[in-house]
Amino acid sequence: MGASMDFDLRKAINAISDVVQNRPIPLREFDQIYMKVADMVIQAEYVARVFNNKDVVFVGDGDGIALSTAHLKAQNVINYAPNSITLLDFDERIVNSVRRFGEKLHPKIEVSAYLYNVAEALPPEHFGAYDAFHINPPWGASNGGESVIAFFERGSQATKEEKSLGIVVIADDPDLQWTQEVLRDTQRRALELGYVVSELLPQLHSYHLDDAPDLRSCSCLFRRIDPSRMQTDETCDAKSYSVSFTAELRPPYYVQLAQPVLLDARELVEIKAISDSGDIESWSNLVRRLRSRIVDRIDWVQCTLDLGEMSMPLDWEDRVNSSPLQQSAQNSPTGSSSKPDGASH
Ligand SMILES: C[S@@+](CC[C@H](N)C(=O)[O-])C[C@H]1O[C@@H](n2cnc3c(N)ncnc32)[C@H](O)[C@@H]1O
């Protein structure tokens, strides 16, 4: 990063100081733990450079990196910045403070802020509306990184198909295994969603965190290279949908997932193609792959192959747990659908 730090440090710190002055008091129950000022300068300049001329959405931003990025440009500390900045946060105080400060920046850079809780579906007006996203989510020490994935998915949904970017700020301490596992799982989910890691700046920021003053976060830049893996508005909120599908062919193949699972559009296409091919080996590979993706979260997956009019029915057992369920051909379910069903929230 050294070569890019070509700006007046005093002016930069004074600009960030204006933003810090504007921030509401951090509430730990909202996972607000503020970044230290020098690191805000580093991160804001980096965001401005990587997201130059882009429309950017911040999903959560108590730190004020969004405003810092805009203010550095407005104060002529740097001459690059996003074209527009939108903040989505569930804390009304943060939303209001960003709106207030943003009004002053408006002639130079467009800043807007909206109340939004990541637990809710992304409102349609934000869907695919931005070139890039930035998140500094709850780091997931107590939820196995699920909060990071949830924020990542919302950021991803808010960005456009082609070559969109995402910056993820999460815990990074090689001596704390949970941080490395969350980092790994975030990258794994990002790969599934069609991203590659474009840049990783390790252990870059520190925080006003009394109980872990040495805990650092990294800044990980993701770039979307495969838009077909995007969650569409039909599939991205399917987390609580139960999913079952059958092939109408002879033999009809049936898979019942014991728990709701998210299938993305590409998987649905794949399921249909494999069903149409009637190739049992591909089918069982597909089931095995689906199963391995969700095996941490569920107890069993059941799959029955019914060889239709043939006299000898085959049962296919999934041995995820020690007592796999078996079902004979006669018992095999008859309902038929090639799409996720049972949509309930
Ligand atoms: C989770 S904190 C992470 C720590 C970061 N250093 C900070 O204090 O801003 C980032 C932001 O996410 C917001 N946030 C937390 N949970 C959220 C949720 N479920 N939906 C939307 N925003 C949320 C917080 O209000 C905060 O502004």
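**Close-up views of a predicted model**

**View A. Ser112 is partly exposed, with 15 C-beta neighbours inside 10 Å.** Here a residue is called buried when 20 or more other C-beta atoms lie within 10 Å of its own, exposed when there are 12 or fewer, and partly exposed in between, with C-beta atoms placed from the backbone. Ser112 belongs to strand 3; helices (H or I, at least four residues) and strands (E, at least two) are DSSP runs, numbered from the N terminus. Once neighbours within four places in sequence are left aside, Ser112 is in contact with Thr86 and Gly102; a contact is a pair of residues whose C-beta atoms, placed from the backbone, lie within 7 Å. Gly102 is ten residues from Ser112 in sequence, and their C-alpha atoms are 6.9 Å apart in space.

A word on how to read all the views: this is a predicted model, so local features need pLDDT of at least 70 and side-chain atom pairs count only at pLDDT 80 or more, while totals for chains, interfaces and linings use all residues. Residues are numbered from 1 along each chain as its sequence is written.

View B. Ile94, Ser97, Val98, Phe101 and Gly102 are the buried residues of helix 4. They sit on the same side of the helix because they cover an arc of only 130 degrees around the axis, the arc being that of the directions from the helix axis to the C-beta atoms. What do these buried residues pack against? Their partners are helix 1 (9–22), helix 3, strand 2 and strand 3 (110–115). On the face turned away from the buried side, look for the exposed residues Glu92, Arg100 and Glu103.

**View C. Ile13 in helix 1 touches Val37 and Val41.** Residues up to four places away in sequence are not counted in that pairing. Ile13 and Val37 are 24 residues apart along the chain, with 7.5 Å between their C-alpha atoms. Ile13 is partly exposed, with 15 other C-beta atoms within 10 Å.

**View D. Asn53 has a positive phi of about 65 degrees, and Asn76 has one near 60 degrees.** Most residues other than glycine have a negative phi. Asn53 is placed in the loop between helix 2 (37–50) and strand 1 (55–59), and Asn76 in the loop between helix 3 (65–74) and strand 2 (84–89). Asn53 is exposed, with 10 other C-beta atoms within 10 Å; Asn76 also counts as exposed, with 12 C-beta neighbours inside 10 Å.

**View E. Around the ligand are 22 residues, of which Asp31, Gln32, Gly60, Gly62 and Phe90 come nearest.** A residue is near a molecule if its C-beta atom, placed from the backbone, lies within 6 Å of it. The shell divides into twelve nonpolar, five polar and five charged residues; Ala, Val, Leu, Ile, Met, Phe, Trp, Tyr, Cys and Pro count as nonpolar, Asp, Glu, Lys and Arg as charged, and the others, Gly among them, as polar.

**View F. The protein chain has eight helices and eleven strands.** Of its 345 residues, 37% count as buried. Mean pLDDT, the predictor's confidence in each residue from 0 to 100, is 80 for the chain, and 71% of the residues reach 70 or more. Over residues 238–252 the pLDDT is below 50, and this stretch has 47 contacts in the model beyond near neighbours in sequence.

How values were computed
Contact = placed C-beta atoms within 7 Å.
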